[in-house]
Amino acid sequence: MPCPDFYGGERMSILQAVLLGLVQGLTEFLPVSSSGHLVLGEALLGVKSQGILFEVVLHLATAAAVLLAYRRRVGLIVKAFLSLVKKPALPLDPAERSENLRLGWFVILGTIPAGVIGVAFKDWFEAAFSAPRTVSWLLLVTGAILMLSRFAPKAVRPIGWVSALGVGLAQAVAILPGVSRSGSTITAGLLLGLGPGRSAEFSFLLALPAILGAGVIEGAGVFSHPYALEGVSRLALFCGAFSAFISGVAAIYFLLKILSRGRFDRFAWYVWAVGAAGLLYF
């Protein structure tokens with residue numbers, strides 16, 4: 001009985017794993033589409049990644065990067081929710097508790113659209129991952145989305161359920177490979193008046209359940225199959241994950257600096273160039 005294609009036939013080299021991890025970490029948070037770059041990168045390198053397992057490991061590595069960068073905010077949200085069921089040993093400031101409870105609920109609300117759409121159209125989205133030319137077209141769409149950030153209002157308003165749902169819908173659209181998740185969600189936040197700092201923070205907080213949820217779903221498929229770990233290089237997995245984590249942390253802080261300078265739309269020229277190159281090559 002032939003072994004199912006969990007790892008793309010040929011064993012991935014350490015260098016290929018590091019390169020794909022680097023691409024994942026940088027493009028997961030920079031507004032250039034990690035899924036689009038991985039599809040094009042694997043096609044150019046002539047390999048598939050080590051299948052679903054490799055993607056799960058990269059997802060976990062990029063989730064760890066968010067947790068490190070936003071450890072204080074995530075910790076406050078967790079404490080605020082724990083205070084609903086158990087009195088904390090150290091009392092929380094009422095205003096801080098209320099703010100982080102609201103933000104936590106908004107993250108849950110913003111996660112719903114991507115969860116519903118992702119499950120409902122799972123097969124259709126997966127088919128798009130095998131079409132480099134389609135991904136190239138969608139990178140051009142990402143560039144247009146980034147250019148829309150130029151029209152963000154100057155006035156900054158607090159996040160509410162409407163803006164949380166709007167950013168969540170943008171994240172749902174970004175399930176398509178080639179459409180940047182961070183680019184779509186941060187642009188949506190800017191257009192809804194959240195300002196650069198809060199737009200970035202909410203985008204990265206939304207990334208946690210999205211990334212971890214995808215990892216759990218994909219991981220369940222891996223470990224439920226008897227051939228899932230055959231032919232998988234543990235060293236390649238570790239090197240790819242470490243590369244994704246380090247580059248992911250660097251990408252987050254770099255993006256925050258770019259946002260503070262009002263240059264978010266400049267990423268559009270890069271994704272347009274990559275999309276055009278992909279259309280010519282494929």
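**Exercise 1. Decide whether Thr142 is buried or exposed, and find what surrounds Thr142.**

Step 1. Thr142 has a relative accessibility of 2% and therefore counts as buried, a term that stands for under 20% relative accessible area, with exposed meaning over 50% and partly exposed in between (1.4 Å probe, protein chains only). The model is a predicted one, in which local features need pLDDT of at least 70 and side-chain atom pairs count only at pLDDT 80 or more, while totals for chains, interfaces and linings use all residues. Residues are numbered from 1 along each chain as its sequence is written, and side-chain values use heavy atoms, with hydrogens and water left out.

Step 2. Thr142 belongs to helix H7, residues 132-148; helices (H or I, at least four residues) and strands (E, at least two) are DSSP runs, numbered from the N terminus.

Step 3. Apart from neighbours within four places in sequence, Thr142 is in contact (heavy atoms within 4.5 Å) with Pro31, Gly178, Val179, Ser180 and Val271. Towards Ser180, the side chain of Thr142 reaches the backbone nitrogen at 3.1 Å.

**Exercise 2. State how many helices and strands the protein has.**

The protein has 12 helices and 0 strands, and buried residues make up 50% of its 282 residues.

Technical notes. A polar contact is a pair of N or O atoms within 3.5 Å; within protein, one must be able to donate a hydrogen and the other to accept it, and residues adjacent in sequence count only if both atoms are side-chain atoms.
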